[in-house]
Structures are given as C-alpha cells and as structure tokens.
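Colleague: I've got the sequence and the model open. Can you walk me through reading its packing and its surface?

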Amino acid sequence: MTVARFTLAYWCVLVAALLPIFCAGLAKWGTFSKPRRDGGFDNHNPRAWLAQQTDWRARANAAQANSFEALPFFIGAVVIAHQLGAYQTRLDLLAFVYVVLRLVYILMYVANLANLRSMVWGLALAMNVAILFVGYR
C-alpha cells in the first residue's frame with residue numbers, strides 16, 4: 001500500500017487558495033468597529049460595500065479578484081505536474097516561489113506600485129507556466 005503525502009506544492013495550493021480571503025480581510029481592515037452609517041463594513045451587503053471603497057481598500061479588493069482569477073491555473077498546474085511525475089523538489093520550489101510572488105504582487109497592488117506589480121504578476125505567470133511543464137518529458 002502506498003501512502004500519499006501532502007507535498008510542499010500542495011501546501012502552496014492551500015496558501016494560494018487563502019490569499020483572496022487575506023485580501024478581503026485587508027480591504028475590510030479597521031472597519032468592523034465603525035457603524036455602517038459612518039462607513040463601517042456592511043456585512044448585510046459586503047460586495048456593494050467593497051465596490052464603494054477607494055484607494056488602498058479598493059486595490060486590496062482588486063487584488064482579491066485577481067487572486068481568485070489566478071488560482072485555477074495554479075491548482076491545475078500543480079496537479080498536472082504531480083501526475084506527470086515531476087521532480088518533487090523542483091516542483092515544490094517553483095510552487096513556493098509562485099506563492100511568494102503572489103504575496104509580493106498583493107503588497108505591490110495595495111501600495112499602488114503599478115509597474116512593479118505588473119512585473120511581479122508576469123513573473124508569477126511565468127512561474128506557473130514553469131510548474132505546468134516541470135513534469136514534461
């Protein structure tokens with residue numbers, strides 16, 4: 001009987017899946033204690049409340065959307081690489097770097113560093129493509 005183990009790459013999938021939730025929390029940071037009438041978070045209509053935000057809160061919300069958009073490709077790439085029998089250490093390293101790049105991307109987005117953000121986004125995309133092909137022989 002073989003025992004499957006949760007690889008570092010799979011842990012990175014979990015972290016990547018939590019990044020949008022982190023972004024949403026960041027967008028709502030510090031607003032829970034304020035009443036709704038004073039601009040505090042509106043849990044009755046959270047999407048409309050988020051859509052009305054500006055500056056860094058709006059960018060955190062945009063980073064949330066982008067994190068959700070990037071997630072399926074990353075999950076698929078990791079699963080495909082595992083199924084193709086990718087060299088595990090290389091796959092783990094690529095997945096880890098991808099997650100780090102996505103974290104940097106989120107920080108750049110919130111900080112309004114658009115050009116750097118786009119560069120990091122491109123690097124993360126390239127890392128994801130590398131993950132997809134790491135098991136190709």
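Colleague: Let's start with the largest nonpolar core. Which residues touch the most other members?

Modeller: Keep in mind that this is a predicted model. The largest nonpolar core has 34 residues, and the ones touching the most other members are F74, L91, Y98, I106 and I131. At least two core residues come from each of α1 (8-28), α2 (46-51), α3 (55-83), α4 (88-110) and α5 (114-133). The largest share is from α4, with 10 residues.

Colleague: Take I106, then. What is I106 in contact with, leaving aside neighbours within four places in sequence?

Modeller: Look for L19, F22, C23, A63 and S67 around I106.

Colleague: Now the outside. Which residues form the nonpolar patch on the surface?

Modeller: F6, L8, W11, L14, L18, I21, F96 and V100 do, together showing about 770 Å² of accessible area. Both α1 and α4 supply at least two residues of the patch, and α1 gives the most, 5 residues.

Colleague: And V100: why does V100 count as partly exposed?

Modeller: V100, in helix α4, has a relative accessible area of 35%, so it counts as partly exposed, because that class runs between the 20% and 50% cut-offs.

Colleague: How many aromatic pairs are there?

Modeller: There are 6. F6 and W11 make an edge-to-face pair, 4.8 Å centre to centre with 85 degrees between the planes. W11 is partly exposed at 45% relative accessible area. F41 and W49 also pair edge-to-face, at 5.1 Å and 85 degrees. Here F41 is buried at 9%, and W49 is buried at 6%.

Colleague: Which residues do ring pairs link into a cluster?

Modeller: That would be F6, Y10 and W11.

Conventions:
Residues numbered from 1 in each chain as written. Predicted model: local features only at pLDDT ≥ 70, side-chain atom pairs only at ≥ 80, totals over all residues. Heavy atoms only, no water. Core = buried A, V, L, I, M, F, W, Y, C linked by side-chain atoms within 4.5 Å. Buried < 20%, exposed > 50% of the residue type's maximum accessible area, 1.4 Å probe, protein only. Helix = DSSP H or I, 4+ residues; strand = E, 2+ residues; numbered from the N terminus. Contact = heavy atoms within 4.5 Å. Patch = residues over 30% accessible without salt bridge, like charges linked within 9 Å, V, L, I, M, F, W, Y side chains within 5 Å. Areas by Shrake-Rupley, 256 points an atom, 1.4 Å probe, with all protein chains shown as cover. Salt bridge = Lys/Arg side-chain N within 4 Å of Asp/Glu carboxyl O. Phe/Tyr/Trp six-rings, centres within 6.5 Å; stacked < 30°, edge-to-face > 60°.
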